[in-house]
Amino acid sequence: MFDGDPLVFLTNLRETVSTLYDNHGRPLNYLRLAVTDRCNLRCFYCMPEEGIHYLPKKELLTFEEITRLVGIMTSFGISKIRLTGGEPFVRTDLMDLIARIAEIPGVRDLHLTTNGILTAPHIPELKRIGIASVNLSLDTLDRDRFQMITRRDEFDATMKTLGLLLETGIPIKINAVVMDGKNTDDIIPMAELTRTSDVSVRFIEEMPFNGTGSQPKLLWNHKKILDRLREHYPSIEKIDDPENSTAFNYKIPGYRGSIGIIAAFTRSFCGTCNRIRVTAQGTLKTCLYDDGVLDVKALLRSGVSDDDIKAHLLKAFRSRAKDGFEAERLRRDKHPVHESMSTIGG
Ligand code: SAM
């Protein structure tokens, strides 16, 4: 299937064993993989309440396909893997998959993003496997607001998971999407979680990936979120951002944890973006805002060799859009972005 110059291909492969760079000189080392598009919540900013067409099981990558793909990705030096969805724990036997991925040579950090509802019983095993961190989605500390936002009555389950994660010492980031008129009164109470707990609370700009086609107006951008924090905590300090961080990071003096603000809609971090995504249906995205650049599932199922797949991946990695705005302009599906984050893998 690979029909280019084999010498160039081999040279490319050798070059990329340690660090893979895209066509804009950005290192790529982070894969976010959606293991399902199904979710046990219906967060209104992520998906419609009804009429969701879930993928038939045969359209999801199998565990064998996922582990093969992760193995191929690690040969490029991609060493950080995040499993997401949909809700990862809705996928049967997720822990088996996690254990298998953790064993793949070259996987240095394995992370998980979850809403916490089904997570609690698996926390000891996650710890044993050596999960690097868990991102817990929690937009509010108020039970009624939780139900209004998620359209489900699962506040206690998520809070139980938060408590257990804190007890076990697994590094935690809490993700909260900030929405005008919905949870902006939670910004300070959520920031207060960092007083006694070593967590990172990250406030995220709302993006239009809600699966409905409606385009929310961004009334709470990263600047406004910071203004709210500064009003309440005049001494809040900027701290160094980890390499390739999507968040601007802050700390309130004397508090144990930290606060992040993610300009997900404003897209101010594309210049250092080190991440690629594989969606629940097995499509490669080299930018959150593109509409898929390679049908990886079709390749995995076509009987071609790993080297053939690598050649296709390399081509995609070296044709990345400069930023999320260019990716959005280049979409084949010219509608404004409208997919649900649960199919993309948030
Ligand atoms: N079910 C898991 C969870 O809830 O964490 C993983 C999937 S969820 C799609 C991943 C993340 O995407 C969540 O933190 C969620 O808040 C975020 N997300 C979903 N839709 C979003 C949107 N329209 N704008 C910003 N973030 C969004």
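Helix H2 (residues 63–74) packs against helix H3 (residues 94–102) at an angle of about 25 degrees, and their axes are 10 Å apart. Helices here are DSSP runs of H or I with at least four residues, numbered from the N terminus. An axis is a line fitted to C-alpha atoms, for helices over the stretch in contact, and angles run from 0 to 180 degrees between N-to-C directions. That angle makes H2 roughly parallel to H3, a label for angles under 35 degrees, while 65 to 115 counts as roughly perpendicular.

This is a predicted model, so to speak: local features need pLDDT of at least 70, side-chain atom pairs count only at pLDDT 80 or more, and totals for chains, interfaces and linings use all residues. Residues are numbered from 1 along each chain as its sequence is written, and side-chain values use heavy atoms, with hydrogens and water left out.

Now for the other pair. The axes of helix H7 (residues 187–196) and helix H8 (residues 222–232) come within 10 Å and cross at roughly 70 degrees, so H7 and H8 are roughly perpendicular to each other. The crossing of H7 and H8 is right-handed, and H2 also passes H3 in a right-handed crossing; right-handed means the near helix is turned clockwise from the far one by less than a right angle.

Methods:
Helices (H or I, at least four residues) and strands (E, at least two) are DSSP runs, numbered from the N terminus. Angles under 35 degrees count as roughly parallel, over 145 as roughly antiparallel, 65 to 115 as roughly perpendicular and the rest as oblique.
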